[in-house]
Amino acid sequence: MKRSFINRKIDEALAFAGRFQMRLPEFAYFTATDWRVKDLSRWREVLDLQLGWDVTDFGMNDFTVRGLVLFTLRNGALKDRRYRKPYAEKMLIVGVNQETPMHFHFAKMEDIINRGGGDFCMQLYHSTTEEELDLDRPVSVTVDGQARDLAPGEKLVLKPGQGVCYPQRLYHRFWAEGEPVLGWEVSMVNDDHADNRFHKPLARFASIEEDEPPTWILCNEYNTILTT
Ligand SMILES: [Fe+2]
């Protein structure tokens, strides 16, 4: 993924969130230039927990087909006693027919919410003990407290305002239909390095071709960009 593309996608994400009057924490608006003059000792929580922006193509190099723009507003750390927050919150910008591929989380339970835009569509499967898709077992979830029973892989559509709760080890993939979706995640602590089980192995973070300077720093780049 080219740096110029990432720069543009975050510009677009800010504009898209703005359409819904969605204001983000102050550090969402810090450019790389802004970060370089900050007193980083005051921002340790953001840097250590890798809060902030993420633009990923899941290592597949086809962002419009498989990709996601995320902004992590808050998080904790399971094994770091400095950061005892047991919950996390993320914004997800989901394009039309742009897939976040099938995965589950070993430890994290999460609510996935449609805050506005088009239809937020998803497919859900239980995991077998071998961590394959269970094609036989129906899926029961709650959508804003309402019990919903789905056949394995049956499409679930969240309209703006609706949110679904995914328990641990429930496989999910999602995409938007009609218009892009301002998605949201309210969850237990998020650990992208150890807690994601993608059904087909892939990379959580994109590899980047530096064709222009970064306007924005991605959440996994604070260490490399701010120390050079
Ligand atoms: Fe997930």
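Gln21 occupies the loop between H1 and helix H2 (32-36), where helices (H or I, at least four residues) and strands (E, at least two) are DSSP runs numbered from the N terminus. The model is predicted, and local features are therefore reported at pLDDT of at least 70 and side-chain atom pairs at pLDDT 80 or more, whereas totals for chains, interfaces and linings use all residues. Residue numbers start from 1 along each chain as its sequence is written. Although Gln21 is not a glycine, its phi is positive, at about 60 degrees, and the residue comes just after H1.

The chain contains four helices and 11 strands. Its radius of gyration is 17 Å, close to the 17 Å that the globule rule gives for 228 residues, so the chain is as compact as a globular protein of that length. The radius is taken over C-alpha atoms, and the rule is 2.2 Å times the number of residues to the power 0.38. The C-alpha trace spans about 55 × 40 × 30 Å along its principal axes. Of the 228 residues, 32% count as buried. Among contacts between residues at least 6 apart in sequence, 76% join residues at least 24 apart, a contact being a pair of residues whose C-beta atoms, placed from the backbone, lie within 7 Å.

Helix H1 (3-19) has 17 residues and extends 25 Å from its first C-alpha to its last, close to the 24 Å expected at 1.5 Å a residue; the expected span is 1.5 Å times one less than the number of residues. The buried residues in H1 are Ile6, Lys9, Ile10, Ala13, Phe16 and Ala17. Viewed down the helix axis, the buried residues of H1 fall within an arc of 125 degrees, so they line one face of the helix; the arc is that of the directions from the helix axis to the C-beta atoms. An α-helix has 3.6 residues a turn, so residues three or four places apart point the same way. S1, S2, S3 and S10 are among the elements that cover the buried residues of H1. On the face turned away from the buried side, H1 carries the exposed residues Asp11, Ala15, Gly18 and Arg19.

The largest nonpolar core comprises 44 residues, of which Trp53, Val55, Ile93, Val94, Phe120, Leu124 and Phe174 touch the most other members. Contributors of at least two residues each include H1, strand S1 (52-56), strand S2 (68-74), strand S3 (87-94), strand S5 (110-126) and strand S10 (170-188). A nonpolar core is a set of buried Ala, Val, Leu, Ile, Met, Phe, Trp, Tyr and Cys residues joined through C-beta atoms within 7 Å. Not counting residues up to four places away in sequence, Phe120 touches Val94, Asn114, Leu158, Phe174, Ala176, Val181 and Gly183.

Strand pairing, for which DSSP must find at least two bridges between two strands, involves strand S4 (residues 100-105) and S10, which run antiparallel and are joined by two bridges. S4 also pairs with strand S11 (residues 196-198), in the antiparallel sense over three bridges. His103 stands opposite His172 in S10, and its bridge partner in S11 is Phe198. The loop between S3 and S4 holds Asn97, a residue other than glycine with a positive phi of about 55 degrees. Asn97 counts as exposed, with 11 C-beta neighbours inside 10 Å.

Strand S6 (residues 139-143) and strand S7 (residues 146-150) run antiparallel and are joined by five bridges. The two strands form a hairpin with two residues between them, and Asp144 in the turn has a positive phi of about 50 degrees. Val139 has Leu150 as its bridge partner in S7. Ser140, in S6, is partly exposed, with 13 other C-beta atoms within 10 Å. Ser140 touches Ala147 and Asp149, not counting residues up to four places away in sequence.

Pro160 lies in the loop between strand S8 (155-158) and strand S9 (163-166). With 16 C-beta neighbours inside 10 Å, Pro160 counts as partly exposed. Not counting residues up to four places away in sequence, Pro160 touches Asn114, Arg115, Gly116 and Gly117. Pro160 and Val181 are 21 residues apart in sequence, and their C-alpha atoms are 8.3 Å apart in space.

Key:
Buried ≥ 20, exposed ≤ 12 C-beta atoms within 10 Å, placed from the backbone. Contact = placed C-beta atoms within 7 Å.
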